[in-house]
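User: Can you walk me through this model? Start with the terms, please.
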Amino acid sequence: MLTKADKWLVVVLVTLALVGIGLNIYYISEQSSQAQTVVISVDGQITKTFPLRQGYVGEFRIDGHNGFNVVEYKDGRVHMKESDCPDQICVQSGWISTPPQQIVCLPYRVVIKVVSDNPADVDDIVR
Amino acid sequence: MVKTKRLVVLALLVAMASALHVLENQLPIPVPVPGVKLGLANIISLLAILMLGWRDAVYVAIARVFLGSLFGGSLLGPAFVMSMGGALASIFIMVHICNNYQGVFSLAGVSLIGAAVHNITQVSLAAVLVHSLGLLWYVPYLLIFAIPTGLFTGLAADYCFAKAPTKYGFKN
């Protein structure tokens with residue numbers, strides 16, 4: 001049924017995917033200790049930024065060309081609460097809280113991104 | 001293959017592929033990664049490559065994406081661009097593998113490569129559409145799920161082709 005090349009292919013793909021996931025998780029844990037900002041862009045243009053902190057609670061609405069998205073933030077996390085887009089992938093993406101996590105609503109070109117406040121190339125500053 | 005028969009087989013394949021494309025959008029997949037799909041329409045693409053050759057397989061893929069998006073209501077939207085890009089990239093890769101590496105990869109392997117290329121193309125297109133390179137982090141998560149689904153569609157196509165009755169001339 002499966003040839004030898006098939007099995008190698010599976011091994012190679014699994015390895016690639018696991019390495020990618022590992023890198024991603026490493027990248028997330030590296031950045032999660034810093035203060036975070038949420039950047040929301042529509043059509044590639046940044047429309048709103050706000051800090052993500054414990055105790056900041058609220059929600060707001062983004063009205064696009066043909067629909068709406070409702071973004072809610074709470075306890076240092078942010079999610080897409082509601083949207084009238086056809087696929088609802090943004091709503092199903094759930095809560096995000098650490099860079100470089102992001103929620104994308106492709107039909108309305110809305111991207112919610114979590115970024116670190118500090119540039120990542122400085123390890124630490126000692127005074 | 002006789003001209004009329006080719007036309008009938010093409011029409012059948014396009015109809016089945018479009019139906020599967022629509023059905024697949026309605027199926028909820030219980031995984032934590034949004035956007036994972038079974039790729040059922042890929043079974044028909046594989047069958048088209050085997051039965052009719054590469055040119056007709058590409059026709060079937062294009063017609064399937066058009067009709068499937070029309071039925072699903074996403075025609076010419078961003079989801080359509082992603083479907084079309086993914087379908088075209090995967091069908092060309094699968095045709096290339098089928099023609100040049102016959103015997104090296106089984107149908108399951110060909111389907112697996114197709115599924116991986118399909119996912120990578122779709123995420124790349126999405127990254128371009130929303131101007132966000134960070135979306136490429138999503139590729140490994142999709143690849144993990146592309147492996148079982150790709151093998152599944154490949155094996156399904158294999159069984160389907162093996163059971164196709166010879167008397168109706170499905171095997172040329």
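Analyst: The radius of gyration is taken over C-alpha atoms, and the globule rule is 2.2 Å times the number of residues to the power 0.38. This is a predicted model: local features need pLDDT of at least 70, side-chain atom pairs count only at pLDDT 80 or more, and totals for chains, interfaces and linings use all residues. Residues are numbered from 1 along each chain as its sequence is written, with chains lettered from A and ligands numbered from 1 in the order in which they are written.

User: What radius of gyration does chain B have?
Analyst: Chain B has 16 Å, which agrees with the value near 16 Å for a compact globule of 172 residues. Its C-alpha trace spans about 50 × 35 × 30 Å along the principal axes.

User: How many helices and strands in chain B?
Analyst: Chain B has 6 helices and 0 strands. Helices (H or I, at least four residues) and strands (E, at least two) are DSSP runs, numbered from the N terminus.

User: How much of chain B is buried?
Analyst: Buried residues make up 42% of the 172 in chain B. Buried means 20 or more other C-beta atoms within 10 Å of the residue's own, with C-beta atoms placed from the backbone.

User: Now the interface. How many residues of chain A are in contact with chain B?
Analyst: 28 residues of chain A are in contact with 29 of chain B. Contact means C-beta atoms, placed from the backbone, within 7 Å.

User: Which element of chain A gives the most?
Analyst: α1(A), with 11 residues on the side that touches chain B.

Terms used. Contact = placed C-beta atoms within 7 Å. Buried ≥ 20, exposed ≤ 12 C-beta atoms within 10 Å, placed from the backbone.
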